[in-house]
Amino acid sequence: MSLFRKKSIPDLIKTTQQGRTLRKELGAWDLTLLGIGAIIGTGIFVLTGEGALKAGPGLILSFVVAGLACVFAALSYAEFASTVPVAGSVYTYSYAIMGEFWAWIIGWDLILEYLLAVSAVSAGWSGYFQSLLEGFGIHLPTVLTAAPGALKNTTTYFNLPAFLIVMLLTFLLARGIRESKRANNVMVVLKVAVVLAFILVGVWYVKPAHWQPFMPFGWGGVFNAAALVFFAYLGFDAVSTAAEETRNPGRDLPRGILYSLGICTLLYIVVTAILTGIVPYQRFAGYEDRPVALALNMVGQNWFAGFISLGAILGMTTVMLVMLYGQTRVIFAMSRDGLLPKGFSNVHEKYRTPFGATWILGTVAALIGALVPLGDIAELVNMGTLAAFVMISIAVIILRKTQPDLPRAFRCPAVPWIPLLAIVFCGFLMAHLPLLTWIRFAVWLAIGLAIYFTYSRKRSSLNTQSTIHLDQ
């Protein structure tokens with residue numbers, strides 16, 4: 001009944017070969033697009049406006065700071081993903097290195113990150129989708145356009161578009177990874193094309209004078225904006241949840257993680273430079289939810305602003321698809337270990353997906369997005385992600401110390417310095433999140449601890465194995 005009992009890495013890998021297994025469909029190209037699909041969305045189309053109000057043109061540096069925190073953590077992810085090609089991401093890695101208790105904490109943390117990210121993005125998707133419909137003269141009943149209390153001085157009961165898009169993606173994921181992969185790849189190519197088109201159009205309207213002063217709020221503004229726009233990088237870690245469905249995980253997982261993060265960081269920096277070069281940062285006030293469209297409207301490119309809205313819709317769709325995918329795989333791994341009900345790890349005979357878990361989690365995410373106003377959810381999701389990054393960085397240092405001779409297809413360079421830099425950067429960004437976010441995060445962890453000690457600890461597969469051994 002030890003809190004820190006562990007699963008060995010050979011046992012973890014053996015578990016993936018038992019019973020009905022997940023279908024191996026993904027290569028390096030698919031994983032890179034999976035990562036880009038999760039990363040480029042709300043951040044580039046929404047958070048750039050709010051971030052500019054906090055940091056001015058210095059938002060460029062905010063993306064660099066947040067990107068560095070992710071790069072350092074990504075190198076640790078790449079080592080683990082190539083060494084332990086098992087579903088569950090950092091939850092599974094923590095189980096092998098630090099024991100069951102810490103694995104549960106980080107698994108519960110990942111549930112917060114992925115589930116609420118899907119719900120939060122669905123609300124943003126709904127806003128863009130309704131704007132697109134209104135362009136064709138189609139107006140939904142007001143009571144079905146937002147969650148209760150989400151709009152001031154307006155009565156709303158249910159965000160119908162947010163609910164329907166999550167349920168549609170749930171259907172797609174339940175049908176199989178092959179179908180989901182194809183849909184994601186097509187949408188990612190289209191939305192990257194939209195971002196590149198904005199760069200090619202917008203660069204001609206940049207006025208360097210708008211970059212002065214570069215940091216109107218000093219380094220404090222840059223760091224506060226970095227803590228906010230970190231939300232824009234969510235998703236590269238979801239690539240590691242695809243380990244069991246990757247054909248050559250030792251080679252392709254590190255490539256997918258690092259390629260997607262590098263491409264997206266470059267795009268974020270370039271787009272931010274162009275945005276703040278077109279629009280004086282003060283002008284984003286009141287237009288935080290559509291900064292790219294504002295920039296194009298200011299230079300008379302109204303036709304292209306509508307095109308950007310379509311890109312935003314595609315971008316947010318792939319974010320939800322990948323986040324929901326990651327959520328189901330983490331729950332799948334936790335259930336297979338006995339920490340959650342076994343029904344969550346049942347694999348459909350035809351589709352080879354965690355069918356029931358996908359529908360349950362998709363429905364929950366859809367209802368949260370439709371019924372709960374999620375004004376401060378970005379910070380809470382950021383907290384969960386940063387905590388996961390700190391955990392994976394600690395784990396890679398421990399693994400190098402305890403199992404130095406373990407075969408590794410990819411090795412994080414300069415251990416322990418790179419993981420330590422990830423811990424410092426992530427901890428620094430966590431310190432810049434509001435106190436209320438810390439309180440909410442503590443409440444979430446308290447609920448998770450209650451579930452662990454009353455249910456999961458007794459039903460853990462390791463506990464069951466120990467009991468059988470004692471009986472024999």
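At what angle do the axes of helix H12 and helix H13 cross?

**Entry 1: basis.** I worked from a predicted model, in which local features need pLDDT of at least 70, side-chain atom pairs count only at pLDDT 80 or more, and totals for chains, interfaces and linings use all residues. Residues are numbered from 1 along each chain as its sequence is written, and side-chain values use heavy atoms, with hydrogens and water left out.

**Entry 2: helix pair.** I looked up H12 (residues 302–336) and H13 (residues 355–371); their axes cross at roughly 125° and come within 10 Å. Helices here are DSSP runs (H or I, at least four residues), numbered from the N terminus. Axes are lines fitted to C-alpha atoms over the stretch in contact, with angles from 0 to 180 degrees between N-to-C directions.

**Entry 3: contact residues.** I noted that H12 contributes Leu-324, Gln-327, Thr-328, Arg-329 and Ile-331 to the contact, and H13 contributes Thr-358, Leu-361 and Gly-362. Contact means heavy atoms within 4.5 Å. I recorded three nonpolar, four polar and one charged residue in this contact; Gly counts as polar, and Arg as charged.

**Entry 4: cysteines.** I found zero disulfides in the structure (cysteine sulfur pairs within 2.5 Å). For Cys-264, the nearest cysteine sulfur is that of Cys-70, 10 Å away. Cys-264 is buried, at 0% relative accessible area (buried is under 20%, with a 1.4 Å probe and protein chains only). For Cys-412, the nearest cysteine sulfur belongs to Cys-426, 13 Å away; Cys-412 is buried, at 2%.

Technical notes: Buried < 20%, exposed > 50% of the residue type's maximum accessible area, 1.4 Å probe, protein only. Helix = DSSP H or I, 4+ residues; strand = E, 2+ residues; numbered from the N terminus.
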